[in-house]
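Work through the exercises below with the model open beside you. Each task is followed by a solution in steps.

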Amino acid sequence: MSYGERPRLLVVANRLPVSSKKTGENSWSMEMSPGGKFNLLVEKTALSKSLAQMNCIPVFLNEVFDQYYNGYSNGIIWPILHHMGLPIECHHDENKTFQTQYDAYKKANRMFLDVVIENYEEGDTIWCQDYHLMFLPQYLKEYNNKIKVGWFLHSPFPSSEVYKTLPSRSELLRSVLRADLLGFHTYDFARHFVSTCTQILGVEGTDEGVVDQGRLTRVVVLPMGIDPDRFISTCKLPEVIQQMNELKEKFFGKKVILGVDRLDMIKGIPQKYLGFEKFLEENPDWRNKVVLVQIAVPTRDAVPEYQKVRDQVHGLVGRINGRFGSISSLPVHHMDCSVPSNYLCALYATADVLLVTSLRDGLNLVSHEFVACQESKKGVLILSEFAGAGQSLGAGAILVNPWNVTEVSSAIKEALTMPAEEREERHRVNFQYVITNSAEKWGGDFLSELNDAFAESEMKIRSTPHELPQRDMIQRYSQSNHRLIILGFCGTLTEPMNTQNEELNLKLNPKLKGTLKALCNDPKTTVVVLSRSGRNILDKVFGEYKIWLAAENGMLLRDPTGEWVTNMPENMNLDWVNGVKNVFKYFTDRTPRSFFEANETSLVWNHEYAGVKFGKTQARDMLQHLWAGPISKASVDVVRGNHSVEVHAMSETKGAAIGRILGEMMHKISMTTPIDYVFCSGYLLEKDEDIYTFFESEIVPSKLSHETRSKSSSSNIMKNQISPNVLDLKKENYFSVAIGQTRSKARYVIDSTQDVVDLLHKLAIADTTTMANTVSNSELHQRLAMETRI
């Protein structure tokens with residue numbers, strides 16, 4: 001863990017960024033290093049004193065280290081992240097059971113927490129690194145919820161099908177979701193993470209990240225970089241130039257293919273040798289003109305799986321050198337060791353080709369280092385498509401599938417025979433990326449995103465909805481000249497559904513019939529029902545009311561006369577509908593008491609009455625079917641509700657529909673009095689809550705201007721902007737009200753839909769000039785009650 005001047009950043013990692021060497025009984029020498037292992041089981045006092053000089057603080061894990069690091073971190077989580085599956089549990093040794101190692105992992109994370117707390121000062125930012133510390137975000141937030149916490153995964157994140165085999169799958173996900181910001185190297189890893197959270201935890205995935213009970217954990221894609229200046233300047237050192245000259249002399253007359261990897265199952269070193277062997281078999285003219293230099297840095301020597309990889313690699317080296325070598329020349333130079341950084345730069349600079357054949361890699365910064373050192377020679381990068389760097393350096397590299405030995409062999413030949421002009425252009429593209437996207441930029445971008453995410457989270461906490469001031473709301477209603485009431489439908493106006501046969505027959509709450517009719521008949525009041533349901537359902541429920549209906553989130557509008565207007569954008573692609581309908585039908589058949597609603601631009605599958613646990617399980621399976629099939633390349637949004645899965649046309653939210661609705665209202669009626677009062681309430685999903693912020697005074701003018709220009713013009717409803725006389729809304733006359741949500745963008749909150757019924761009833765009788773010019777409150781109550789019974 002290291003930190004600097006205020007404002008301080010505490011970087012918490014399993015491995016310190018230094019190499020240590022004991023120089024005396026109570027003294028240690030330290031130097032910063034880009035990698036390598038660090039054994040924490042050392043003399044605490046002397047080591048801590050030496051590390052403090054480099055702004056580093058050690059965490060001494062002592063007796064839990066082996067079970068935490070070799071056991072749970074690298075024996076269980078690491079294989080899952082790299083798509084290798086769980087190892088077989090060792091039941092005969094109680095120190096190697098999953099539960100024992102899991103307990104050690106949590107204890108080690110607690111020990112990291114203790115050291116952080118000892119050194120934490122208010123205002124510090126804490127950045128947790130990698131899969132070794134997946135419980136730390138939760139522990140930090142439990143200690144102090146106001147700590148700014150980020151977490152970055154330097155490994156791949158697997159598909160949900162692989163991750164779900166992990167016994168502690170939910171606990172680990174929920175813990176990292178406590179962070180304010182989560183970072184991944186590639187879009188695929190981030191997408192897998194969000195999808196896994198939605199399927200395992202039943203939370204909502206959005207473009208920004210993961211939403212759980214109204215709280216957003218932002219997810220960003222930020223590929224890490226290197227310090228390119230360090231490598232460029234190192235290549236110009238006299239010592240390195242001398243080493244480069246020695247290497248050129250040693251391999252004079254031969255092309256040099258370089259490999260630099262950990263001796264690891266995922267690095268694909270055996271596949272690399274098989275591809276090179278294939279190349280030598282098929283290209284005899286090259287046998288004495290090329291050499292493969294492989295640096296294989298030993299890792300986890302005590303683990304049997306690594307010993308097998310080492311033995312396999314050594315066997316291949318012997319076979320290739322035996323087949324194609326001679327007393328004076330060997331085609332493979334294999335080194336089971338790490339090399340000094342200066343010598344590594346010399347190797348990078350003199351190599352003609354870097355061959356990376358990772359089977360699964362979070363990023364692979366070796367490829368970046370090679371590019372940085374090739375400013376002069378402009379060698380060729382052969383890069384596995386399964387390395388994260390393939391998404392950032394792929395434009396200038398030759399991408400290969402390392403499992404395809406023939407493809408690797410062909411790539412080697414292409415690299416060795418590539419024309420100079422093409423080599424230079426490929427290098428130029430990658431070199432520009434490497435120098436632009438440095439480690440410094442990566443860190444700065446992450447911290448900037450973290451600050452933004454934390455500030456947004458704090459703002460949401462400060463803007464937690466207050467209790468609705470009903471008396472003030474009703475009084476301002478009666479004093480206003482033109483009121484706009486916007487209401488959700490399902491869960492807001494519908495009657496409770498408790499029986500098995502009523503799911504597909506949504507009905508208006510009978511207590512609202514008279515009240516709603518009174519509001520709709522009031523010339524000073526405009527009522528809009530905004531729903532994801534289709535127009536057939538809304539027509540059936542509200543056909544008798546002089547009300548504005550917005551079906552499918554405003555895609556279809558109906559004015560109070562009953563005329564429907566289509567507002568769908570031109571050339572909308574709905575080819576995905578039939579495929580989604582088939583999936584929904586399949587899950588409806590296999591999920592008793594579930595049902596689905598097929599609309600013109602959206603489909604909704606509901607499992608509210610299927611049993612909580614079983615329904616959620618089915619919904620998770622459904623999401624996998626959808627993403628793997630009918631919506632894999634479709635322009636749609638998928639919304640996971642508490643009891644539903646919805647697929648609808650892209651970017652259609654309730655907030656996005658408001659501008660179009662107001663534009664249509666202007667087109668259909670002559671608005672002589674501007675709207676000076678708005679009441680908006682519903683039981684909404686997170687992504688639909690932009691409806692609550694639409695009427696905030698600071699954004700209304702520009703929002704209306706944009707919405708009416710972009711939406712109305714596309715449907716030829718209006719060519720001009722909404723008149724400035726349409727809205728004259730003061731802050732104190734705007735009431736956005738969420739139903740039963742502790743976190744919401746709404747200003748106010750009420751407990752239940754029954755409160756909505758009561759509120760609407762009070763509004764209906766607030767202005768005694770409605771329904772009849774002079775009617776007493778008691779008479780009005782009687783009329784409302786009579787209409788309710790009819």
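A nonpolar core is a set of buried Ala, Val, Leu, Ile, Met, Phe, Trp, Tyr and Cys residues joined through side-chain atoms within 4.5 Å. The model used here is a predicted one.

**Exercise 1. The cores**

Task: State how many residues the largest nonpolar core has, and which residues have the most contacts inside it.

Solution. Step 1: the largest nonpolar core has 62 residues. Step 2: Phe184 and Phe193 have the most contacts inside this core. Step 3: helix α3, residues 98-119, gives the most to the core, namely 10 residues. Step 4: another core lies apart from this one and has 41 residues, including Leu508, Leu516, Cys520 and Val529.

**Exercise 2. Two neighbours in sequence**

Task: List contacts of phenylalanine 184, leaving aside its neighbours within four places in sequence.

Solution. Step 1: among the contacts of phenylalanine 184 are Trp151, Phe152, Leu153 and Phe157. Step 2: Phe189, Ala190 and Phe193 are also in contact with phenylalanine 184.

Task: Decide whether glycine 183 is buried or exposed.

Solution. Step 1: glycine 183 has its place in strand β6, residues 181-184. Step 2: the relative accessible area of glycine 183 is 0%. Step 3: buried means under 20% relative accessible area, so glycine 183 is buried. Step 4: with neighbours within four places in sequence left aside, glycine 183 is in contact with Trp151, Phe152, Leu153, Val220 and Phe446. Step 5: valine 220 is 37 residues from glycine 183 in sequence, while their C-alpha atoms are 5.0 Å apart in space.

**Exercise 3. Helix pairs**

Task: Work out how α10 and α15 are oriented to each other.

Solution. Step 1: the axes of α10 (residues 269-282) and α15 (residues 405-416) come within 8 Å and cross at roughly 65°. Step 2: angles of 65 to 115 degrees count as roughly perpendicular, and α10 and α15 are therefore roughly perpendicular to each other. Step 3: the crossing in which α10 passes α15 is right-handed. Step 4: α10 contributes Leu274, Gly275, Phe276, Lys278, Phe279 and Glu282 to the contact, and α15 contributes Val405, Thr406, Val408, Ser409, Ile412, Lys413 and Leu416. Step 5: sorted by class, the contact of α10 with α15 has 7 nonpolar, 3 polar and 3 charged residues.

Solution. Step 1: α7 (residues 187-201) and α22 (residues 612-628) pack at an angle of about 150°, and their axes are 7 Å apart. Step 3: Thr198, Gln199, Ile200 and Leu201 in α7 meet Arg620, Leu623 and Gln624 in α22. Step 4: the contact of α7 with α22 has 3 nonpolar residues, 3 polar and 1 charged.

**Exercise 4. Positive phi**

Task: Describe where asparagine 62 and lysine 378 are found.

Solution. Step 1: asparagine 62, though not a glycine, has a positive phi of about 50°. Step 2: asparagine 62 lies in the loop between α1 and α2. Step 3: asparagine 62 is partly exposed, at 30% relative accessibility. Step 4: lysine 378 has a positive phi near 60°. Step 5: the loop between α13 and β14 holds lysine 378. Step 6: lysine 378 is partly exposed, with a relative accessible area of 24%.

Definitions and conventions. Residues numbered from 1 in each chain as written. Predicted model: local features only at pLDDT ≥ 70, side-chain atom pairs only at ≥ 80, totals over all residues. Heavy atoms only, no water. Buried < 20%, exposed > 50% of the residue type's maximum accessible area, 1.4 Å probe, protein only. Helix = DSSP H or I, 4+ residues; strand = E, 2+ residues; numbered from the N terminus. Contact = heavy atoms within 4.5 Å. Axes fitted to C-alpha atoms, helices over the stretch in contact; angles between N-to-C directions. Parallel < 35°, antiparallel > 145°, perpendicular 65-115°, else oblique. Left-handed = near helix turned anticlockwise from the far one by under 90°. Nonpolar A, V, L, I, M, F, W, Y, C, P; charged D, E, K, R; others polar.
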